[in-house]
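Here are my notes on the contact between the two chains. Please read them with the structure open.

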Amino acid sequence: MPEYEIIIGFGSCGIAAGARRAFDIFAEEAEKSSAKISVKPTGCIGACHREPLVGVRESDGKQYLYGEVDEKRAGEIINRHIHGGEVIRDWLVKPDYPYFTKQKKIVLANSGIIDPENMDEYIKVKGYKALKKVLFEMTPEELIEDIKASGLRGRGGAGFPTGLKWGFARNSMGDKKYMICNADEGDPGAFMDRSVLEGDPHAVLEGMIIGAYAIGADEGFIYVRAEYPLAIKRLNIAIAQAKAKGLLGDSIMNSGFSFNVHIKEGAGAFVCGEETALMASIEGKRGMPRLRPPYPAVKGLWGAPTNINNVETLANVPAIIRMGGHVYAETGTEKSKGTKVFALAGKIKRGGMVEVPMGTTLREVIFDIGGGIQGDKKFRAVQLGGPSGGCIPGSLLDTPVDYDSLTSTGAIMGSGGMVVMDESTCMVDVARFFLSFTQNESCGKCTFCRIGTKRMLEILERITMGHGGMEDIDKLEELAVKIKVASLCALGQTAPNPVLTTLKYFREEYEDHILRKKCPAKKCKALIRFKVVPENCTGCTLCVRVCPTGSVHGERRQIHEIDPDLCIKCGLCEEACHFDAIEITTGDIKAGVIS
Amino acid sequence: MSKKQVSIDFDGRKLIVPEGKTILDVAEEQGIKIPTLCHDSRLEPYGSCWVCIVEVEGARGFVPSCATKVRGGMVIYSGNENVKSARKMALELILSNHYGDCKPPCTLTCPSNIDIQGYVGLIADRKFAEALKLIKKDNPFPSVCGRVCPRPCEDACRRNLVDEPVAIDWLKRYTADLDLFSGKSYDPPLTPKTGRRAAIIGGGPAGLSAAYYLVQAGIDVTVFEGMEKAGGMLRYGIPDYRMPRDVLDLEINTILRLGIELKTNMRLGRDMELSDLKKDYDAVILAIGAWKSRNLRVAGENHRDVLSGIEFLRDITMGKDVRIGKRVAVIGGGNTAIDAARTSLRLGAAEVSIFYRRTRNEMPAHHTEIDDAIAEGIDIRYLVAPVAVEADGDSLKSIELVKMELGERDASGRRRPVPVEGSNFKAPVDTVISAIGQYADSLPLEVMEELLDKRGYLKGDEYTGATAVEGVFAAGDLLTGPSIAIRAIAGGKYAARSVLQYLKGKTPEHQTEFLSKKDDLLPVVSDDFKDENRIPGEKMKTLSPEERKHSFKEIELGFTEEQAVREAGRCLECGCQDLYECKLKEYARDYNAVAARFLGEVKKHPVDISHPFIAREPSKCILCARCIRICLEVQGIGALGYMYRGFSSLVVPSFDVPFGEEQTCISCGQCVSACPVGALTEKIQLGVKNGISIGKTVPLKERVEEGYCSRCSVGCSVEYRYHGPLLTRITDRNEAVNYGKMCKKGRFEQSFLNIPVSEKPIDANGNSIEFSLSCRLKSTGIPVKE
């Protein structure tokens with residue numbers, strides 16, 4: 001054992017923040033003295049806002065986690081901590097860091113601890129124990145009962161009880177059955193599944209094999225988007241390792257149960273996260289949902305009974321089996337058991353992967369764990385569930401995160417994207433953004449989704465341009481209500497949620513845009529105007545120089561002026577000004593002057 | 001082995017039905033109409049249109065009835081308000097991106113909605129007799145209108161956006177004259193006599209048109225005409241050189257000879273009373289026209305050399321000796337003014353001037369008439385109005401005029417002329433003809449005062465002709481005010497329809513249909529036709545100004561056959577081929593859908609006519625995917641597929657090549673049979689000459705006869721579709737042995753059936769067919785009408 005084990009957060013988040021450079025520096029040092037230090041990558045450690053994260057584990061078991069480890073800090077850590085024995089307290093992510101203390105990690109338990117590309121490490125943390133228990137001590141029926149007892153519900157968004165789902169597939173007649181892992185995570189701002197796959201791929205694989213055993217499937221697919229190359233790489237490694245160890249393939253652990261897994265890389269169509277579209281895509285067809293019934297459990301992939309679970313759902317399974325369903329059910333609320341992983345993002349101080357027990361309030365997640373709003377601005381809303389979800393206002397911050405409470409707000413639990421918005425966010429524009437996403441991602445099959453969401457989007461565009469009328473609100477609501485109940489799949493059925501929730505909680509913003517041609521957040525370009533504040537302007541010409549269109553005029557030491565006809569409202573002048581001499585006004589121009 | 005029966009609640013009705021049937025099937029059996037666009041009994045349920053939705057208790061949201069199977073205890077609502085409004089919205093959303101014209105703008109502009117695209121297409125296909133029948137369905141005066149109509153249809157013609165409009169009116173005249181002078185001109189079929197009687201007062205275009213349609217419906221019609229001869233303003237208001245009397249007489253005769261009694265010199269209020277007619281007849285149509293001339297309201301206008309234009313023209317027709325001087329001033333800017341001026345010229349006037357108070361742009365006269373008048377040497381002075389007429393004893397001396405300028409727009413949208421103070425001037429003149437407008441003489445109607453409004457004008461519904469008096473209807477200028485002939489003819493047609501409704505005890509109703517119009521969504525612009533060939537219009541042979549200006553000989557001499565066919569070939573075929581079968585059109589009417597309710601982006605796509613038998617119009621596609629599915633799932637081909645996503649989604653031939661270049665298509669036409677709208681249609685080839693298709697695809701009403709295909713030994717069930725004697729299409733029939741499937745030969749390669757037996761039949765590839773056609777037909781039992 002080397003004296004120091006260096007663990008580097010090597011999820012996509014860490015790599016993007018520069019973890020590779022830190023890794024190289026530590027690896028170089030390890031080459032010099034392998035007795036002194038060893039280096040290993042791990043998955044996302046969770047505190048993405050402090051990446052690159054580097055853990056130092058001393059031989060006596062003491063652990064320290066350093067944040068923001070760039071090249072300079074990496075060198076210093078080697079010099080001062082490894083060679084000097086000095087813990088550099090200022091750079092530490094302290095163990096009592098509130099970001100971690102309120103979390104409870106089941107799904108993410110191994111992420112950031114083990115090396116995801118090293119199966120032995122997974123096995124060291126009781127990996128594949130659950131599979132062994134299932135194969136040799138439980139019948140599929142007992143297994144399904146245990147999952148039912150755990151109260152586990154699908155983490156992909158809809159929250160369907162997993163045990164029930166497995167039971168359906170189990171009871172469905174068929175020589176051939178399929179087990180599918182849905183890793184087509186597509187919500188903007190969501191990265192839970194990616195982190196789990198990158199940080200603990202074996203847990204997902206183990207959950208999948210257990211599920212296959214439950215329903216009687218001998219073949220499975222992991223449908224993962226091609227934009228997740230690291231997750232795919234680590235999954236491939238995990239599959240190869242498991243196969244080599246006899247944990248995957250024919251007669252697993254000589255139990256007589258066989259299961260093979262393929263990875264199907266999706267091309268990025270959002271709708272392929274919908275189970276029937278996903279199966280069509282695996283079959284090589286255009287990713288389009290079909291009518292249900294028949295449900296996949298009866299008639300799924302290539303017509304065979306098929307079970308589809310989300311990544312996070314499957315990652316829960318080994319833990320449930322190890323601890324027992326009843327123990328798992330002790331965490332959470334009456335109807336929502338266990339924990340939920342959120343990707344906390346947006347205008348939040350501490351963003352990253354967060355896993356909390358069901359029932360934790362939004363306020364606790366955002367303010368206690370996330371530390372509140374960046375720059376101590378005012379909280380405006382939290383968006384849950386991505387384009388299928390809704391915007392929840394401050395008055396509902398004490399809503400507990402569980403399936404039913406969140407649904408009652410008009411939002412949904414969704415897959416776990418949690419985007420925090422501050423007062424500089426225009427809620428109409430947010431609704432427009434999400435709708436433009438769903439409209440782009442609509443498969444085009446059914447009328448209400450294909451054309452209805454397009455018309456809603458056009459109305460929202462009209463409103464943000466200042467061309468809206470009050471009748472547009474009625475039309476939006478009329479369309480939204482019908483699209484929800486007359487669309488083929490969940491994409492269309494949930495697409496109006498961002499509009500409906502913003503209309504419910506932020507209606508006055510719509511009215512401001514329509515009646516007063518005013519964007520309170522000063523985001524909608526057609527409704528704002530950049531002006532020079534004469535009393536603050538020093539005539540430094542900084543703004544004149546950055547303006548890309550030459551709309552700012554003024555001689556040195558003269559008060560500058562902005563030509564509204566030329567101004568494209570890019571905001572560069574405001575950023576450049578050191579004297580708060582550029583102000584943005586709204587509600588004082590006629591609609592649609594600027595296109 | 002019978003299926004398990006289950007009990008369900010369907011719209012409050014308790015039904016016992018076999019389990020596993022779809023809600024749609026059950027509804028059909030119950031006679032409940034559920035609309036559906038994407039469902040096809042040959043295919044698995046798909047669920048793209050969401051028009052067939054119903055509510056099922058306990059289900060989340062609406063469910064598609066085409067795919068939902070009944071279960072015991074199911075409670076179904078197939079037509080409550082919630083369902084209806086959702087269906088309506090689905091249709092309106094579909095319509096908001098369904099960019100097509102059900103009917104062409106020419107037809108929609110025509111007051112009588114003549115099927116212009118139809119007859120122009122038939123002319124292009126040299127089916128002149130069928131073209132004539134189509135015209136006469138809506139206009140019994142085609143030879144007349146072919147000469148005098150100011151042709152609003154041509155102003156609306158989309159070809160204006162390419163080069164110049166199709167000469168619709170001259171094509172009508174060509175077809176009509178061909179028939180009229182054939183010696184055995186067309187008589188429409190008459191239904192058996194009903195024994196009901198109608199009196200029509202006025203034998204002008206409105207009255208005769210009404211008579212024409214009523215007599216066809218088995219009504220005994222008597223037309224009371226105040227003048228010596230029938231024809232109304234057509235005879236007494238339009239000079240010979242435009243409306244030759246022999247043509248008029250012949251055409252009136254085609255109407256009268258159907259069994260209409262004409263009583264001339266019978267004037268309402270003088271020779272008979274309205275109240276008596278109402279007693280003696282089951283229904284009365286008033287069509288007495290608008291024969292009164294508006295006064296100039298200037299000093300001196302009561303002089304005997306100040307004539308009324310309309311009286312002047314009438315007196316000429318009646319052969320009266322009309323006194324006319326050397327210098328004639330005509331006041332007005334309508335067709336009557338032009339006609340009076342040109343007639344004066346023909347009567348020997350040396351200097352004829354027209355004084356009009358606005359500019360040429362505002363002149364109501366047809367622009368070709370104005371050009372012709374100028375060519376004949378008539379001087380038209382714009383922006384002048386008369387102030388006084390000065391006489392010198394028995395003769396006129398001069399007319400005093402004032403210059404005008406255009407001011408604000410008035411109610412008609414035209415700029416109102418305003419006198420320029422102090423700009424008065426005088427012009428020497430011998431005769432003044434006033435043609436500034438006409439109005440109806442409502443004096444004989446005063447016996448039934450409820451017919452008239454406060455100002456003494458007849459009041460009635462413009463579309464039904466219904467008046468305030470039950471059983472009394474009105475048509476023509478009396479109802480509409482002075483207007484063009486075709487409007488009177490249309491009025492007569494509508495009044496006849498209303499009379500028929502009235503006689504059946506129904507309230508007269510103007511039938512409306514849903515019409516998808518491109519311009520409702522996105523204006524059609526010239527850029528849409530940038531790839532269209534520029535083809536100048538055919539020029540009609542005319543007498544030269546010198547030849548014509550001193551004679552009353554007809555000026556326009558008509559098209560030759562080749563000219564007519566070439567000109568008809570210029571038609572852009574704006575109307576939809578699927579007009580009579582489009583499901584979207586039908587449901588849009590059923591649900592009162594408004595196409596422009598969800599106005600937004602509209603996807604325009606070019607029409608693809610590269611396929612030899614199938615026309616593709618993606619702008620009309622509603623993405624139901626029936627074509628894709630039938631091609632793949634039934635035929636096993638897969639020549640069509642989706643492209644793009646979301647709102648941009650599109651159905652295209654594989655690899656988005658032109659359909660004609662798609663390599664796997666076997667031209668079975670299944671996609672066409674599956675398409676519920678006009679996005680995929682057969683190219684109907686009526687105009688086949690020497691094996692080469694030369695004509696137009698014409699949307700025609702069809703008669704369907706069931707039969708069997710004879711092209712091979714399989715003997716597929718098919719439908720033979722005819723328009724008159726013409727075989728238009730052969731389509732599939734969902735019966736043994738083929739159950740709705742067909743092949744290329746059976747569906748498309750049968751156009752030789754339209755070749756008259758005397759010609760040697762040739763197949764689509766131009767190879768001659770050995771057997772004689774009649775021999776073939778006898779051996780197959782194909783029902784072909786001679």
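1. Contact here means heavy atoms within 4.5 Å. By that rule, chain A puts 33 residues into the contact and chain B puts in 35 residues. Keep in mind that this is a predicted model.

2. How much area is buried between chain A and chain B? The figure is about 2800 Å². Carbon and sulfur atoms give 58% of that area. On the chain A side, the most area is lost to chain B by Arg286(A), Leu291(A) and Arg455(A). Together these three make up 21% of what that side buries.

3. Two salt bridges are found across the interface of chain A and chain B. One of them pairs Lys454(A) with Glu601(B). The closest N and O atoms of that pair are 2.6 Å apart. Polar contacts between chain A and chain B come to 19 residue pairs, both residues being at pLDDT 80 or more.

4. Which helix gives the most to the side of chain A that touches chain B? It is α18(A), with nine residues. Helices α17 (427-441), α18 (447-464) and α19 (470-485) of chain A each supply at least two residues to that side. By residue class, the side of chain A that touches chain B holds twelve nonpolar, nine polar and twelve charged residues.

5. Now the layout of chain A. The assignment divides chain A into domain 1 (4-95), domain 2 (119-328), domain 3 (339-422), domain 4 (427-515) and domain 5 (525-586). Taken over C-alpha atoms, the centres of domain 3 and domain 5 of chain A are 36 Å apart.

Notes:
Residues are numbered from 1 along each chain as its sequence is written. Chains are lettered from A and ligands numbered from 1 in the order in which they are written. This is a predicted model: local features need pLDDT of at least 70, side-chain atom pairs count only at pLDDT 80 or more; totals for chains, interfaces and linings use all residues. Side-chain values use heavy atoms; hydrogens and water are left out. Buried area is the accessible area (1.4 Å probe) that two parts lose on being put together, summed over both. A salt bridge is a side-chain nitrogen of Lys or Arg within 4 Å of a carboxyl oxygen of Asp or Glu. A polar contact is a pair of N or O atoms within 3.5 Å; within protein, one must be able to donate a hydrogen and the other to accept it, and residues adjacent in sequence count only if both atoms are side-chain atoms. Helices (H or I, at least four residues) and strands (E, at least two) are DSSP runs, numbered from the N terminus. Ala, Val, Leu, Ile, Met, Phe, Trp, Tyr, Cys and Pro count as nonpolar, Asp, Glu, Lys and Arg as charged, and the others, Gly among them, as polar. Domain bounds come from an automatic or database domain assignment.
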